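Work through the following exercises with the sequence and the model open beside you, and try each task before reading its solution.

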Amino acid sequence: MNIKLNIVILILITIFLGKLIAQSGEWVIGKSLTNIRLSDISSSDSLNKMIVAYGKDNGYVSIFKSEDGGHFWKVVYTDSSTGRHLYSKSISYPKKNFSIAQYDSGYVVRTIDGGKTWAKYKFAKLNSGFSQAGWQGKISMIDEKYGYLCTSNTGPDRIFKTSDGGLKWIEINNRFLGGWNDCLISELICLSKNRLICTLVSWTLNKEGIATSIDGGENWNIITNPLIDVKTTLCNFSFSDSLNGFLSGFNSDSITNLQIPILFKTKDGGLNWEIVNREIRSILKRGGYPFISFKDSLNGLMGGLSEILKTTDGGKIWVSDYYNKNFANESFIVSCFIGELGFAITSSGTPFFYQPRITEVKAEKKKGELILYPNPTSTTVKVKLQPGEEELTIRDVLGKEIKSYKGIGTITRTEEYEIDVTEIKGGIYFITIKSKGGIRVKKIEVVH
């Protein structure tokens, strides 16, 4: 009898998970940020995101924030104090309450309270002869203290580091040798406190390259990979940890006048790179800047003109996940986060978010609605139990078990059960309560 009962329960669980773990989904257009031109995006977790942009008309830099994964945005900073146009190219948002952006004239602006208040600092003097726009470089923070930034088109470009969250910046040695001493730094990313990597453009050598440092910029290693030649343009880094990462780019074909996307992969923090062998076809057939975002060594997104592509095998095979001809002249900047979720935004400020088709199993009428509170939560959640409920499980959107609480079936009356969620990453989860009479499910949002 027990064996038959176990089989029935197993079947019920299988049916439930089949409904819950819906792998397919769709890209949904969010509310547009009007009259802007997007520069950069950064996320502290799956819900909290910031983008930096400048107005098409007035040119003033603005920072927008979303606290719900990109559905809705609000302006948290605008700078028009100088009476002239300001432009920003980069923002870094490593922690929920800390964010910092770099823009022209040698300034950074930072917040330590999640965007409620901002302070502006001068990180370097503007040398005569350098254009204002030359200070629109890249900024990358590993946490709320340590990070790096670089200038752009200041000939040669310069790199600065901070150890106090951007209050003070110290210029470091980046006099690259062997024809790279007067180069442009097109991309920079901080992988750890002392490890950083950047892409270079040498006008002397008429080619692009990669430079890495493992001692905070005191010494540099120039990657002389023969796969990167004069036809190669390097674009965008995406690292899932300090060692494993990808670099996008394209090769220009002078005969066909096409830009053929290429993808490089590293397992040692950028010291060695190899080309990812992909299917024989031109991904991003409509062209565009191949912006990539990988959440691990297998799963990633790529954005181009009017199109978003997806890979689940480390970049070998890409499939078109979204295409909209109405954005034919705009590039998609993409971002991966928890589970199968993703986020993208066009250069003109139209946000998209990936919405999995997840079906919640409705509670039986005689059981009533499963009550959770507070929801959303960042610390604990209280669950209203009913007599005979034996097991409580927390699963992510893919059905993976995060936490399980057994032995609560000893209760004989309706009461509360409190769960600590402080160690669970921010995101959407499902709480399942199981009893002999059936299963109740409720969605919960964890925010940190």
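For residue classes, Ala, Val, Leu, Ile, Met, Phe, Trp, Tyr, Cys and Pro count as nonpolar, Asp, Glu, Lys and Arg as charged, and the others, Gly among them, as polar. This is a predicted model, in which local features need pLDDT of at least 70 and side-chain atom pairs count only at pLDDT 80 or more, while totals for chains, interfaces and linings use all residues. Residues are numbered from 1 along each chain as its sequence is written, and side-chain values use heavy atoms, with hydrogens and water left out.

**Exercise 1.** Sort the lining of the second largest cavity by class.

Solution. The lining consists of Ser238, Phe239, Ser240, Asn244, Gly245, Phe246, Lys265, Thr266, Phe294, Asp296 and Ser297. Sorting these by class gives three nonpolar, six polar and two charged residues.

**Exercise 2.** Find how many disulfides the structure has.

Solution. A disulfide is taken as a pair of cysteine sulfur atoms within 2.5 Å. The sulfur of Cys183 has its closest cysteine sulfur in Cys198, 7.3 Å away, which is too far for a bond. The count by this rule is zero.

**Exercise 3.** Describe the salt bridge between Glu391 and Lys434.

Solution. A salt bridge requires a side-chain nitrogen of Lys or Arg within 4 Å of a carboxyl oxygen of Asp or Glu, and here the N to O distance is 3.4 Å. With buried meaning under 20% relative accessible area, exposed over 50% and partly exposed in between (1.4 Å probe, protein chains only), Glu391 is buried at 19%, whereas Lys434 is partly exposed at 23%.

Key: 1 Å grid on protein atoms, 1.4 Å probe; cavity = no way out; pocket = protein on both sides within 12 Å on 5 of 7 lines; lining within 4 Å.
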